[in-house]
Amino acid sequence: MLNRKGMMMASFSAVIASSLLMGNATIMSAASSENGSVAVAAIGDSTLADMPSYLKSSVEWVWKNRMLTEGSTNRKNLIFDQIFAGKGTLNYVVRWQSSKPVTLKQRQDIARMLDRQMNHWTEHLQGYDGWPYKNVKVKVVGWAVADPSLLLDKQPDEVVYTDTIADGLASEQPEIPAALPIAPDEISRFEHFSNPNYSYPGGLDKRFDMYLWATENFGGGAGGDWGQRMSDEYILSTVNADEIEITEHEIGHGFGLNDFYEEHERPPGGFPTNTIMWAGNSNHITDWDVWMLRYTWSQIKKDTARFPTTTKDDEGPIETDPNEIVNIASAATASSSYTSSWENVSALNDGFDPTSSDDRSHAVYGNWPEVGTQWVQYDFDQEHTVSQTDIYWFKDGAGIDVPKSYKIKYWNGQGWSNVKQAKGLGTAADQYNTTTFTPVKTTKLRIEMVSKGSASTGILEWKVAAINK
């Protein structure tokens, strides 16, 4: 387990099959593979339709049966999110939990290594399905170290943090240093990603997105949206290698990708190629890893409040300001034509991202036993310019189903009108259904649903994208 503030492990072994309970954290064995025969997909303009047929069933199985079920992409602090928030950049603090001195050249090599390993993943997103960035700029913005004298030939522009907390892992493994260096919470994205209005002291460039966590006498590796943890010796001994197996594996977890320790965690019939995400199965990123990464992006990008629309030109990405396109649902008062007494209409805009259409781990909206035409509505305390909705339908197999059809209406000041040029109006289960339409200024928005047969209708989450200028 990891302590959220200190990312400390309560227990650890070199080969572990369970996930750490912090974000998307997981542990990898130190075992390696010499299998380097799998070719990596070439970079180029492509979409999900270009995925090779031999990969399709296994990639889709992992998405549906592992990532959706386990909520691997629900936390909005994946490396995808970090890159967007940083406008194509990622910032690291190196957490040096070690007694070894580090030369200036080694520190420079570590910075270059992080840039290289991260871009071994993100280069496969270039030109793919609306991904707006070319090379992602990865930078080390500070070092956290208990003893600053270990940083040899320290430069005037190097930022060093010397505060420490106790590492709980050291009580179980005395060979692990008890003092755990930390950087200030105030500049940590991990601590503040859920607050869209948070302002980093000194500006966005001063924040850090993740730790590279180097621990003396640590076995294997761990990774998640908080960063990557390995032994200090492993980091120093591999720092100039092109592809670094454990480092790339742990970065993969930061994108939401899973481990595959147990047979039931793998696609029926196994994988069509090797994968770096199955510890010891590959020592480099493979075609399967590339398309799993791409598939993940194609699914989560549908939430355009989370990933604002972007385009690019020859000079790089031209971004719509993330502060201008926002999900305003949380600011609305929700109401409905009818709500079952055991359900809650406030579930529409409670900010919970479901893992499937029958996800009852949170409050839900449903109108059983009513059938025919029912509606849900958002009322805002001020006028907004809205242009998109994202609906996650509720379907429980026990009287609630997706609707036969529906309309999106807005209040024109005197009555309800249909939005114009609506594109989408999907009714798919287990995903957000995005509908775009001609932007309209309004204080009220409504979904008017027609039930399918004798089933009632329900919604797990309803997002509304607005342009706030």
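Before I list pairs, the rule I used: a salt bridge is a side-chain nitrogen of Lys or Arg within 4 Å of a carboxyl oxygen of Asp or Glu. I also remind myself that this is a predicted model.

**Entry 1**

I started with Glu70, which forms a salt bridge with Arg66, the closest N and O atoms being 2.4 Å apart. Both sit in helix H1, 4 residues apart, so about one helical turn separates them. How exposed is each partner? Glu70 is partly exposed, at a relative accessible area of 44%, whereas Arg66 counts as buried at 7%.

I then looked up Glu60 and Lys56, whose side chains meet in a salt bridge at 2.8 Å, N to O. This pair is also 4 residues apart in H1 (residues 53–70), about one helical turn. Glu60 is partly exposed at 29% relative accessibility, and Lys56 is partly exposed with a relative accessible area of 40%.

**Entry 1: the wider search**

How many salt bridges does a search of the whole structure find? I got 19. I noted one network of salt bridges, which links Lys76, Asp303, Asp353 and Lys463.

Glu343 counts as buried at 12% relative accessibility, while Arg360 is partly exposed at 46%.

**Entry 2: Asp359**

Next I checked Asp359, in the loop between strand E13 (333–336) and strand E14 (365–366).

I looked for what the Asp359 side chain does reach. It makes a polar contact with the side chain of Ser361 at 2.6 Å, and it reaches the backbone nitrogen of Thr355 at 3.0 Å. Leaving aside neighbours within four places in sequence, I have Asp359 in contact with Phe352, Pro354, Val364 and Leu460.

**Entry 3: strand E19**

I went on to strand E19 (residues 458–467). 9 of its 10 residues are buried, so E19 is largely enclosed by the rest of the structure. E14 and E19 run antiparallel and are joined by 2 bridges; here Tyr365 has Ile459 in E19 as its bridge partner. Strand E15 (residues 373–393) also pairs with E19 in the antiparallel sense, over 8 bridges. I noted Val386 standing opposite Ala466 in E19.

**Entry 4: helix H7**

Why do I call H7 largely enclosed by the rest of the structure? Because 10 of the 10 residues of H7 (residues 245–254) are buried. The buried residues include Glu245, Glu248, His249, Glu250 and His253. After H7 comes Gly256, where I read a positive phi, near 100°.

**Entry 5: the whole chain**

Last, the totals. I count 8 helices and 19 strands in the protein chain. Buried residues make up 54% of its 469 residues. Of the contacts between residues at least 6 apart in sequence, 73% join residues at least 24 apart. The accessible surface comes to about 19300 Å², with 50% of it belonging to carbon and sulfur atoms.

Key. Residues are numbered from 1 along each chain as its sequence is written. This is a predicted model: local features need pLDDT of at least 70, side-chain atom pairs count only at pLDDT 80 or more; totals for chains, interfaces and linings use all residues. Side-chain values use heavy atoms; hydrogens and water are left out. A polar contact is a pair of N or O atoms within 3.5 Å; within protein, one must be able to donate a hydrogen and the other to accept it, and residues adjacent in sequence count only if both atoms are side-chain atoms. Contact means heavy atoms within 4.5 Å. Buried means under 20% relative accessible area, exposed over 50%, partly exposed in between (1.4 Å probe, protein chains only). Two strands pair if DSSP finds at least two bridges between them. Accessible areas come from the Shrake-Rupley method with a 1.4 Å probe; for residues, only the protein chains shown count as cover.
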